Amino acid sequence: MRSNDLITPEGTKDLLFEECIIRQSIENKIHKIFNGRGYYELITPSIEFYDVFNHSSTYFPQEKLFKLTDCKGRLLVLRPDNTIPIARIVATRLKDTPLPMRLYYNQCVFNMAPSLKGKSAQIVQTGIELIGSSSKMADLEVISTAIEVLESCSSNSFSLEIGDIRFFHELVNKLDANDEQKEIIRNYIENKNYPALNDYLDSIGKNDITHALKKLPRLFGGEEVFEKASKLFSDEKIDAILANLKDLYNDISQIIGNGNLTVDLGMVNRTDYYTGIIIKGYLEGYGEEVLSGGRYDKLISDFGYDVPATGFAVNVDAVTKVEMKHNPVEAFDVNTIVYSEPGYEMKALKIAEELRKEHKKVEISLFDSIEETKKYSEEKNIENIISVGETVTEVK
Amino acid sequence: MSKPLRIALTKGRLEKDTVNLLEKSGFDCTAVRDKGRKLILPIKNANIEVVLAKANDVITYVEHGVCDMGVVGKDTIIEMSGKFFELVDLGFGRCKFALAAKKGADFYEGYGVKTIATKYPNVARNFFESKGMDIDIVKIEGSVELAPLLELSNGIVDIVETGTTLKENGLEVIEDIISISARLIVNTVSLKLRQKEIEDLISIIEENLK
């Protein structure tokens, strides 16, 4: 049998030096933002019971999950999502904690990547969950945090998009269609597949609801979207959803800074457990969203605790990739090497320690001669060579 | 000037049809027509670059966002799937996926597991799955029509345009699966970040489709 001992599984990779530095610095920046707003970190196990992800309001297709079994034969998965384990904790160990709760995480999610597509199976996400409030202020807090994160973690221009899943739900539930048909419609709207959506809705019937649904995927862009949407269909509930979203849009436009704010009423993703406002963040130079989130007021009740919540996750790997390209760093930046003549090793260690206190990056030479040390320093671009013997000299 | 809008075209027949459409829409495609061996070509009177690629690669490039838009057949979209927006049915490159078998043979006869030869295993699998039929799929790269003639398979799932090739080899269509035409696809982020440029381009193209 051929051994796979020299490679990593498809969709995974080793991160080396510069990538680690950039990722760490992005994480630090983001966590400072989270911390400054009173969010505290949780770490959940990488392995969970499959049942945790198999509730009615969630959708994780079997073929995308990494599966294992425990010693009793029960099905385990590598967590495909970070919010659901947190919902589990909130409904169990944190059930009696006063609300609101502000939580953050920084850990991997695992999803079986399609073969040979250059997609990752393991992605680091960092994100917040604000538990226990359905207020507008909670939405604003989460969105303003998202904006600050997008602003701080890359110098590339960013765009934040908001929507409200209820707009679609309200419309499609008025339609005389079964769940399977609704799912087909949702899928066409998600993919903005205008031609197929038109044909399909025509086959269901021609009325003002199918007409509105046909236009739904086109309802994205700036403020003009609200006017277009209000002309499509009007009743008490839909008007209220739009008014609420527009209100939020106006508020956010005051804090968006250099970013670009857009609306998309056609954001209707399947995996979503969202029940209200949805947000997505994009960075120039990355072909998918780097941030996504929204309100999920029903998810935690799947675990037996009925409490509203909202949050978002940032794809740290995606941001790292963008930054690697646009703001590369130098990993090997040691500027001083200390060589010790035989017998002066402890003195050399002490001197190196002192130099480090002066904020120099100091390596200890492991070579037997100063010549070899010089040669090595040249290869490694180390500027200062300190030779430690009876006296301490800087070698040129 | 901002980065040019990149459109990936499927090389071959769809490329010709798309270039005709772009020219009809007022875009200068001389560089694409006299391309030589180049694969990235500018449209001179607009901030657009044309990239020429194989059908599957068009989807890959658009999905990763290195091309903003692409023109590709629905056949490839169904087979490959992926995450992108499918905005316009361009109408050309029309054909269909069909199930074909030897003329006169009763394909559905009996309960034995059928073997299907195809270049499109996902299309074939989905089609028979929707019928609740278990089948064996053999992936063939070249002329699929050979497989039933050589009795490797009971039938084939393939693209059918006129049906001439089938007829000449003693095969016939048993059932149409889905009709196909060229689609304009767009990267999900590009559509948001470059909405105006893309929507303007699409409306010019749609205008000239009629």
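Helix axes here are lines fitted to C-alpha atoms over the stretch in contact, and the angle between two of them runs from 0 to 180 degrees between N-to-C directions. With that in hand, H1(A) and helix H3 (residues 136-153) of chain A pack at about 150°, their axes 10 Å apart. Please keep in mind that this is a predicted model.

**Chain A overall**
- Chain A has 12 helices and 16 strands.
- Its radius of gyration is 27 Å, well over the 21 Å that the globule rule gives for 396 residues, so chain A is more spread out than a compact globule.
- Along the principal axes, the C-alpha atoms of chain A fill a box of roughly 95 × 55 × 45 Å.
- Of the 396 residues in chain A, 37% count as buried.
- Among contacts in chain A with a separation of 6 or more, 71% come from residues 24 or more positions apart.

**H1(A) against H3(A)**
- Angles over 145 degrees count as roughly antiparallel, and H1(A) and H3(A) are therefore roughly antiparallel to each other.
- The crossing of H1(A) past H3(A) is right-handed.
- H1(A) brings Ile26(A), Lys29(A), Ile30(A) and Ile33(A) to this contact, while H3(A) brings Thr145(A), Glu148(A), Val149(A), Ser152(A) and Cys153(A).
- By class, the contact of H1(A) with H3(A) has 5 nonpolar, 2 polar and 2 charged residues.

**H1(A) against H10(A)**
- Helix H1 (residues 18-36) of chain A also meets helix H10 (residues 316-326) of chain A, where the axes come within 9 Å and cross at roughly 120°.
- That angle makes H1(A) oblique to H10(A).
- H1(A) and H10(A) cross in a right-handed sense.
- On the H1(A) side the contact is made by Glu18(A), Glu19(A), Ile22(A), Arg23(A), Ile26(A) and Glu27(A), and on the H10(A) side by Val316(A), Val319(A), Thr320(A), Glu323(A) and Met324(A).
- The residues of this contact divide into 5 nonpolar, 1 polar and 5 charged.

**Where chain B meets chain A**
- The two chains touch through 15 residues of chain B and 17 residues of chain A.
- On the chain B side, the elements that give two or more residues are helix H3 (55-64), strand S5 (85-89) and helix H8 (188-193) of chain B.
- S5(B) gives the most to this side, with 5 residues.
- The chain B side divides into 5 nonpolar, 6 polar and 4 charged residues.

**Backbone details in the loops**
- The peptide bond from Leu99(A) to Pro100(A) is cis, with omega near -5°, and Pro100(A) sits in the loop between helix H2 (83-91) and strand S5 (101-110) of chain A.
- Lys192(A) has a positive phi, near 45°, though it is not a glycine; its loop runs between helix H5 (179-190) and helix H6 (194-204) of chain A.
- Lys192(A) is buried because 21 other C-beta atoms lie within 10 Å.
- Glu151(B), also not a glycine, has a positive phi of about 60° and lies in the loop between helix H6 (146-149) and strand S9 (155-160) of chain B.
- Glu151(B) is exposed, with 9 other C-beta atoms within 10 Å.

**Ser81(B)**
- Ser81(B) is found in the loop between helix H4 (74-80) and S5 of chain B.
- With 14 C-beta neighbours inside 10 Å, Ser81(B) counts as partly exposed.
- Ser81(B) and Arg6(B) are 75 residues apart along the chain, and their C-alpha atoms are separated by 21 Å.

Conventions:
Residues numbered from 1 in each chain as written. Chains lettered and ligands numbered in written order. Predicted model: local features only at pLDDT ≥ 70, side-chain atom pairs only at ≥ 80, totals over all residues. Contact = placed C-beta atoms within 7 Å. Helix = DSSP H or I, 4+ residues; strand = E, 2+ residues; numbered from the N terminus. Nonpolar A, V, L, I, M, F, W, Y, C, P; charged D, E, K, R; others polar. Buried ≥ 20, exposed ≤ 12 C-beta atoms within 10 Å, placed from the backbone. Parallel < 35°, antiparallel > 145°, perpendicular 65-115°, else oblique. Left-handed = near helix turned anticlockwise from the far one by under 90°. Rg over C-alpha atoms; globule rule 2.2 N^0.38 Å.
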